[in-house]
Amino acid sequence: MEIQENPQESLSETESTGSRSTRVGFSGPMSGPLVTNKRNSSKKSARFKDEEDFVEITLDVRDDTVSVQNIRGGDTETALLASRLEKRPSSLSTRLRQVSRELKRMTSSQKFDRMDRTKSGAARALRGLKFMTKNVGTEGWSQVEKRFDELAVDGKLPKTRFSQCIGMQESREFAGELFDALSRRRGITSGSITKDELREFWEQITDQSFDSRLQTFFDMVDKNADGRITEEEVKEIIALSASANKLSKLQERAEEYAALIMEELDPDNLGFIEIYNLEMLLLQAPAQSTHITTDSRILSQMLSQKLVPTKEYNPIKRGFKALTYFIEDNWKRLWIIALWLSICAALFTWKFIQYKHRAVFDVMGYCVTTAKGAAETLKFNMALILLPVCRNTITWLRSRTKLGMAVPFDDNINFHKVIAFGIAIGVGLHAIAHLTCDFPRLLHATDEEYEPMKPFFGDERPNNYWWFVKGTEGWTGITIVVLMAIAYTLAQPWFRRNRLKLPKPLKKLTGFNAFWYSHHLFVIVYALLIVHGYYLYLSKKWYKKTTWMYLAIPMIIYACERLLRAFRSGYKNVKILKVAVYPGNVLALHVSKPQGFKYHSGQYIFVNCSDVSPFQWHPFSITSAPGDDYVSVHIRTLGDWTSQLKAVFAKACQPASGDQSGLLRADMMPKLLIDGPYGAPAQDYKNYEVILLVGLGIGATPLISILKDVLNNMKQQKDIEEGMVESGVKNNRRKPFATNRAYFYWVTREQGSFEWFKGVMDEIAEYDKDRIIELHNYCTSVYEEGDARSALITMLQSLHHAKNGLDIVSGTRVKTHFARPNWRSVFKHAALKHPGKRIGVFYCGAHGLVGELKRLSLDFSRKTNTKFDFHKENF
């Protein structure tokens, strides 16, 4: 480098740089002294040249003000560097140190070819590496400025409050490193910044230039600002990114992954990597996830077909269209509800009119007609409410008959709840009418009015209200009302799921256990109801006492159901083959398959553990496939019973002590009984050639069984085809398996959840060479693609999967996506991939996603020639 002073008192420094088409990095001191003029105003020119090209930056320095006069030979990054010298007044030495440090990064003794940014993968990466994905621009700054005014201390924002100020509260450590990087760039050494400095920080982290974002990210890793990243610095940023994305397992292996990155980006073992290495890694097109095929024709269709809903401005037409869609979607439910309401209305009207023409009407009036009409509907509903919970009967009807085409068997529990609401109304009308109207009217009736009542209430008129209450009709009715109120209240989600914050003594009276035991008070209720219906005041002939007539057949069916369950579970005392506890409080149980136990994927069983409770039976989806020689369930410990079950197995599986043998411990395993299988919506997957399976968290359990069944069928088909070819037998045919394409989307917020079904994922990825099953795992704890907090995780994931074939998040061969799926894109892909087909959508998980999936199923069914049938799992 040569330095010269010209008549204009300018300074020229020259040093080699790459050509315009390349960019190289350099670290180390600049050669030659830096000469300044004593005068207040001077122009300084820094020129870096080699045999091919040079960059010249001319600065105008006036006291503490620096302005850029001219830039020759630089690229956009050079211009960005120079413009930052004009941001605010500062000391000349500080500003010149900044430009010196920045120019070091942009120069080197070696050259490299710039990554081609026109490739599709690179183009997508250029849109990523964003530090702020929301509230960017003027509106975003106004909010940040407002928070600065609230959080500042003596006009300065402390580093500890920086994350809260920029809206990154959930990533405090990451925001702290970002603060340090931005401060180093500007030579700020204090732990707080002014509003002007915060504005500079905000402009940089929201800069839409990829080069600027890349430089900021590089600065976060480059702790000593020497333009080089060492393996230790890579390890630190990996641990920081893993912590920000709640990936504990990745954090534990940060050193291993840091070595992997250095091995890839530092093949010459220099001990460091530079910014262009990081850019190459980031812009490389990521490998596609397992079993994802991309057809350019389909992609072009997806881009052109927006499927934007058309706006109907006429309210009448809009309402009629909405009503049409509602009927089309719910016609099965509607006709069942309409039939039920019609029967209730007919019974109420019939009894109402009947009592209106009786002598008792002259004394009690419309009170008695209302009470008797409500009583008739109550008897009908008390009989009907037993049928939706006769699970064996429903399973048989849905599996062996065609009634499922018109009857929504999947809504059996919902219909049970609707009937319970009808019973509550009937009980209210009946009890209130009797207690507040009928009895007082009778007590205040004249002797003449009471005369026709003697055959029903006796020759001696009741003299007080207690006479009615203490009678058989009275105390049985009041007891029924109290027991029903208890069961109905504890069945509400607020109490059953412990959503209410209650004092500890009251909290023990709620929860699933309270719901279960209170619901079994129905045995007493039905016994009292029969007694109550026999000792009637106004009906003395046996054939007019119809309560037992209503209840007889449903009670017999339900009793047979319970006897069948008791008999079946008695000989299904299974042997425990395997017990495993996975992250996320999930208990996996593998038990022996009882003789003659046959089931379909998607069905569920009831499990009883006498060590926890000899009476309670709880439903769990079967996760094994029908072809497996065992039965497995995965149980998440959320409530009272599941927590106790986990504790019982944890105690039994403790290592044997000195005076106990391992065999003795095995004998002490808890005793399990199973009952089932029972029908569920997911078992209908065999009716579809194409299925879309969506599971949230533990909701993936019934869907895993389906995937295993599809995989086993693939193996069987292959064995049969090979057998046919070898033996030459052409008539060896079996009934074809309808499902030939499956899409599985599993969304979970915990990295450890992927261990639950790791074996299944790997088996599918290894065996499914024809790509019949597409697996899509989503981890919502990781920030979405494009966010700087997950950028390094994305780079590391692609690198590790390409090198070892394993995903760093799930530990399987299936690459994990980050954040939540774009469900509209999922449906769009399926619709365009399978035109004219009927696709079964099966969902199991939290209720929050039901509305969106259901709406998308209807939307795409109407606007494309692909039909989507939505099924939701119910317990």
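Two strands count as paired if DSSP finds at least two bridges between them. The model is predicted, so local features need pLDDT of at least 70 and side-chain atom pairs count only at pLDDT 80 or more, while totals for chains, interfaces and linings use all residues. Residues are numbered from 1 along each chain as its sequence is written, and side-chain values use heavy atoms, leaving out hydrogens and water.

E15 and E19 belong to an open, parallel sheet of six strands, ordered E18-E17-E16-E15-E19-E20. Strand E18 (816-818) and strand E20 (867-872) each have a single partner strand, so one side of each lacks a neighbour in the sheet. Helix H33 (residues 823-833) lies across E15, E16, E17, E19 and E20 and runs at about 175° to E16 (angles run from 0 to 180 degrees between N-to-C directions of lines fitted to C-alpha atoms, for helices over the stretch in contact; contact means heavy atoms within 4.5 Å).

Elsewhere, six of the six residues of strand E11 (residues 604-609) are buried, so this strand is largely enclosed by the rest of the structure (buried means under 20% relative accessible area, with a 1.4 Å probe and protein chains only). E11 runs antiparallel to strand E12 (residues 618-621), with four bridges, and antiparallel to strand E14 (residues 672-678), with five bridges.

Key
Helices (H or I, at least four residues) and strands (E, at least two) are DSSP runs, numbered from the N terminus. Buried means under 20% relative accessible area, exposed over 50%, partly exposed in between (1.4 Å probe, protein chains only).
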